[in-house]
Amino acid sequence: MNLPRRFFRGLLDLCCPPVCPLCQTLREDRLPFCFDCTEKLVTPPDRFCVRCGGRRFQRLENKEGCGRCRTTRFRFHRVVTLGEYEKELRLLVLHAKTDRSGILATAAASLLAEVRADDFREMALDLVLPVPMHRFRRWQRGVNAPDLIAAELARYLERPVNSGILHRTRQTELQYMLSANGRKENLTGAFALKRPDWIAGKRILLVDDILTTGATANEIAALLKRQGAKDVWVAVLARAEGMYAQAVVGKREVVEIR
């Protein structure tokens, strides 16, 4: 960073000190959240299955994944996640779904990139794609958090991001209302590629805000693989299991779990 940039950055911090978007306290400039909130949002990676990102202590696991990984045909290579969909991270993801400023989704994506940097380097990615939202639901919410998360991860990774290649062909039912089998049926044929030639031979990072059964990521990964993608990785802010895998209902909030 050159001297003029340091000067103006210091002047900006003096006039508008960086604050944590969750608790509004002063934070270090290097991280998007304060130290206390960062600790609450991030789950140590040794608690996750190395493949699907599920809770390691719930299932026996080896280098190829947990028991569920060995009985479920996941079409993506691996899931990288910030933490478990509980407490502070759950609240962050809930609010990011309707935060039109994009501050929360962008800050969370920045934190994900920082704390899982080794995982992202291992991927040697070519392209970043967000999970698309149907245009009617996007009009209702005003924002698609995966778009913002993908854009920030792509900036960090210095890779292209394209939110127009992948799109939903129809409006699907909310996933939280369905069983595991129902989720798969609900998503069958729900996605399409506008330019399949753009993804042939590419190593792709698919980005979403939450992953539960993996039905959405699996459907899209299968589509990308059929069109010639070399490999598909998945990055999400939160991995939901247990009570949150069925539905999340807050004060007048019903959240779509994918």
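The model is predicted: local features need pLDDT of at least 70 and side-chain atom pairs count only at pLDDT 80 or more, whereas totals for chains, interfaces and linings use all residues. Residues are numbered from 1 along each chain as its sequence is written, and side-chain values use heavy atoms, with hydrogens and water left out.

Arg195 is located in the loop between strand 6 (191-193) and strand 7. With a relative accessible area of 36%, Arg195 is partly exposed; this class lies between buried (under 20%) and exposed (over 50%), using a 1.4 Å probe and protein chains only. A distance of 8.3 Å separates the C-alpha atoms of Arg195 and Leu166, which are 29 residues apart along the chain.

The chain contains ten helices and ten strands, taken as DSSP runs (helices H or I, at least four residues; strands E, at least two) and numbered from the N terminus. An open sheet with parallel pairing is formed by four strands in the order 3-8-7-4, where pairing requires at least two DSSP bridges between two strands. Strand 3 (79-84) and strand 4 (127-130) are at the edges and have a single partner strand each, so one side of each is left without a neighbour in the sheet. From one strand to the next, the twist averages 20 degrees. Strand 7 (residues 203-211) and strand 8 (residues 231-239) are joined in the parallel sense by eight bridges, and Val207 has Ala235 in strand 8 as its bridge partner.

Helix 4 (residues 87-96) packs on the sheet and touches strand 3, strand 7 and strand 8, its direction making about 105 degrees with that of strand 8. Helix 8 (residues 145-157) lies across strand 4, strand 7 and strand 8 and runs at about 135 degrees to strand 7. Axes are lines fitted to C-alpha atoms, for helices over the stretch in contact (heavy atoms within 4.5 Å), and angles run from 0 to 180 degrees between N-to-C directions.

Mean pLDDT, the predictor's confidence from 0 to 100, is 79 for the chain, and 71% of the residues score at least 70. Among the elements, strand 8 has the highest mean (96) and strand 9 (residues 248-250) the lowest (36).
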